[in-house]
Amino acid sequence: GLELINNELITFNDSGGESKLYYLDFNGNIVYERIIYGASNNDWEDITKDNSFIYIADIGNNYDYRNNLNIIKVPINKFSTEKAELIKFSYPEQTLFNTSYDTSQYDAEALISLDDKLIIFTKNKLKNITEVYSVPKIAGEYKAKKLGSIDTESVVTGGDYNKETKLLALTTTKDFS
């Protein structure tokens, strides 16, 4: 995950790393380390923002085993020490919680902010598509709402949205050359 805020790149360590955001300059130097209080790093995958908050997607789920998926919400001010709020969610269609890596349908790596919702793009490895879900930006526990699917012929590994240009960019593992 990577986000740009105030001419700094914000990123983190994947799976099992510290609950910490790293703020980098454009040369890749760490200029600030922000501890995220009240959240752990099970499998952080993506990061997005709105005008007031940063949202960290703890949504990695390679074998569909997790029942603790969440999005971590923290104030955008990098010096804030407020405890993180958690937007906990589950996929209502998921009934199996232990699959093989190749048949996983409820793993996800992409998250965007859109108005009052967060949009999740799954890595449905069984069908080679992405399924699109939404959850509110308010802390609590939710069943993610399925919005549809996109036949990407691959798995989505990242995403970003530019509200001004209405451009959605998704990265996948498919070679389109």
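Predicted model: local features only at pLDDT ≥ 70, side-chain atom pairs only at ≥ 80, totals over all residues.
Figure 1

**Figure 2. Pairing of β6 with β7.** Strand β6 covers residues 53-58 and strand β7 covers residues 70-75. The two pair in the antiparallel sense, over six bridges. Within this pairing, I54 stands opposite V74 in β7.

**Figure 3. D64 in the loop between β6 and β7.** The loop between β6 and β7 contains D64. Most residues other than glycine have a negative phi. D64, although not a glycine, has a positive phi of about 60°. The relative accessibility of D64 is 2%, and D64 therefore counts as buried. One of the residues in contact with D64 is Y106, shown in the next view.

Figure 4. Y106 is placed in the loop between β8 and β9. Its relative accessibility is 9%, so Y106 counts as buried. With neighbours within four places in sequence left aside, Y106 is in contact with N61, D64, Y91, E93, Q94 and Y133. Y106 and F12 are separated by 94 residues in sequence and by 22 Å in space, C-alpha to C-alpha.

Figure 5. Strand β11 comprises residues 130-136 and is mostly covered, with six of its seven residues buried. Strand β10 (residues 117-122) and β11 run antiparallel and are joined by five bridges. I119 has S134 in β11 as its bridge partner. Strand β13 (residues 145-150) also runs antiparallel to β11, and five bridges join these two strands. Here the bridge partner of T130 is I150 in β13.

Figure 6. L147 belongs to strand β13. With a relative accessible area of 47%, L147 is partly exposed. Residues up to four places away in sequence not being counted, L147 touches I119, V132, Y133 and S134. L147 and I119 lie 28 residues apart in sequence, and their C-alpha atoms are 9.1 Å apart in space. Two of the residues that L147 touches, I119 and S134, are themselves bridge partners.

Figure 7. The largest nonpolar core has 16 residues. Those with the most contacts inside this core are I71, F89, Y91, I120 and V135. Two or more residues are given to the core by each of β6, β8 (85-90), β9 (108-114), β10 and β11. With neighbours within four places in sequence left aside, V135 is in contact with I71, I87, F89, K117, L118, I120 and A144.

Figure 8. One cavity of 30 Å³ or more is present in the structure. The volume of the largest cavity is about 30 Å³. Its lining consists of R34, I35, I36, Y37, V74, P75, S80, T81 and E82. The elements that give two or more residues to this lining are β4 (30-35) and β7. V74, one of the lining residues, is also the residue that I54 stands opposite in β7.

**Figure 9. The hairpin of β14 and β15.** Strand β14 (residues 156-162) and strand β15 (residues 167-172) are paired in the antiparallel sense, with six bridges between them. Y161 has L168 in β15 as its bridge partner. The two strands form a hairpin, with four residues between them. In the turn, K166 has a positive phi of about 55°.

**Figure 10. E153 in the loop between β13 and β14.** The loop between β13 and β14 contains E153. This residue is not a glycine, yet E153 has a positive phi of about 55°. The relative accessible area of E153 is 46%, and E153 is thus partly exposed.

Note on methods: Residues numbered from 1 in each chain as written. Heavy atoms only, no water. Pairing = 2+ DSSP bridges. Buried < 20%, exposed > 50% of the residue type's maximum accessible area, 1.4 Å probe, protein only. Core = buried A, V, L, I, M, F, W, Y, C linked by side-chain atoms within 4.5 Å. Contact = heavy atoms within 4.5 Å. 1 Å grid on protein atoms, 1.4 Å probe; cavity = no way out; pocket = protein on both sides within 12 Å on 5 of 7 lines; lining within 4 Å. Points joined across faces, edges and corners; volume = space filled by probe spheres on them.
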